[in-house]
Amino acid sequence: LAQSLSSAGRAEEANAAVKSWLSEHPETVGPRMLLAQLALEQDRPALAVDEYRRVLELRPDTAVALNNLAMLLAEDEPKEALELAERGLAQRPEDPAFMDTLGLVLLNLDEPERAREILAKAHAATPDPSIAFRYARALAATGAPDQARRVLLQNAAANYPEKAAAEALLQELDQ
């Protein structure tokens, strides 16, 4: 019901439906995961963080919650995000999204060599332009500007959230 309401543009009703269920079943993980996803769709990251934390209190090894919480904390709390990302990747070692999260965290911790290694694997596994951008950042930070430029140019026509940052990095590399 909540997913249908959300898809119909009725976000508050979707949230209310999930919260109603959770008021009677507070130990259920699935609805909390859904509430976190709805929060992200509604650009309410703080609520998503809270829900992912609750999920991990209930089930500490929930891989998607570990990964998503790490991604949300990567910029402001990278040390905490590192532990979460590593735990998530340990559960899904071949998943490029999980590799990407750890790579981003490592970039934010100023560990570009480790990030480069992990992001190279993620980039090889998927054509996702966001992953390609982070891989290019790692390449640039580790003294491989020509490779970084090539990666960025391969995705020049794509639309993705980091496109403006990718274009700025490309300009920086061209100077």
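This is a predicted model: local features need pLDDT of at least 70, side-chain atom pairs count only at pLDDT 80 or more; totals for chains, interfaces and linings use all residues.
Biologist: Fine. Why is Asn-67 called buried?

Modeller: Buried means a relative accessible area under 20%, exposed means over 50%, and partly exposed is in between, using a 1.4 Å probe and protein chains only. Asn-67 has 6%, so it is buried.

Biologist: And what does Asn-67 touch, leaving aside its neighbours within four places in sequence?

Modeller: Contact means heavy atoms within 4.5 Å. By that rule Asn-67 is in contact with Ala-97, Phe-98 and Thr-101.

Biologist: Which of the side chains makes a polar contact with that of Asn-67?

Modeller: Thr-101 does, at 2.8 Å. A polar contact is a pair of N or O atoms within 3.5 Å; within protein, one must be able to donate a hydrogen and the other to accept it, and residues adjacent in sequence count only if both atoms are side-chain atoms.

Biologist: Which other residues of H5 are buried?

Modeller: Besides Asn-67, they are Ala-63, Ala-65, Leu-66, Leu-69, Ala-70 and Leu-73. What covers the buried residues of H5 includes H3, H4, H6 and H7.

Biologist: On to H7. How do you know that its length fits a helix of 13 residues?

Modeller: The expected span is 1.5 Å times one less than the number of residues. For H7 (residues 96-108) that gives 18 Å, and its end C-alpha atoms are 18 Å apart, so the two agree.

Biologist: What makes you call H7 mostly covered?

Modeller: In H7, 11 of its 13 residues are buried. Among them are Pro-96, Phe-98, Asp-100, Thr-101 and Gly-103. The buried residues of H7 pack against H5, H6, helix H8 (112-125) and helix H9 (129-141).

Biologist: What caps the N-terminal end of H7?

Modeller: Asp-95 does, with a side-chain oxygen 2.9 Å from the backbone nitrogen of Ala-97. Asp-95 also turns up in the contacts of Leu-89, along with Phe-98, Met-99 and Leu-102, leaving aside neighbours within four places in sequence.

Biologist: Where is Leu-89, then, and why does it count as buried?

Modeller: Leu-89 lies in helix H6 (residues 78-91). Its relative accessibility is 14%, below the cut-off, so it counts as buried.

Biologist: What about Asp-110: buried or exposed?

Modeller: Its relative accessible area is 64%, so Asp-110 is exposed. It sits in the loop between H7 and H8, and its phi is near 60°, a positive value in a residue other than glycine.

Biologist: What is phi for Asp-43, and what makes Asp-43 exposed?

Modeller: Phi of Asp-43 is near 55°, again positive in a residue other than glycine. With a relative accessible area of 65%, Asp-43 is over the exposed cut-off. It is found in the loop between helix H3 (29-41) and helix H4 (45-58).

Biologist: Now a loop residue, Asn-155, between helix H10 (145-154) and helix H11 (163-174). Why is Asn-155 called buried?

Modeller: At 11% relative accessibility, it is on the buried side of the cut-off. Not counting residues up to four places away in sequence, Asn-155 touches Pro-127, Pro-129, Ala-132 and Tyr-160.

Biologist: Zooming out, how many helices and strands are in the chain?

Modeller: There are 11 helices and zero strands. Buried residues make up 45% of the 175 residues, and the C-alpha atoms fill a box of roughly 60 × 30 × 25 Å along the principal axes.

Biologist: How many side chains are positive and how many negative?

Modeller: Lys and Arg count as positive, Asp and Glu as negative, and His and the chain ends are not counted. That gives 18 positive and 29 negative side chains.

Terms used. Residues are numbered from 1 along each chain as its sequence is written. Side-chain values use heavy atoms; hydrogens and water are left out. Helices (H or I, at least four residues) and strands (E, at least two) are DSSP runs, numbered from the N terminus. The place of a charge is taken as NZ of Lys, CZ of Arg, CG of Asp or CD of Glu.
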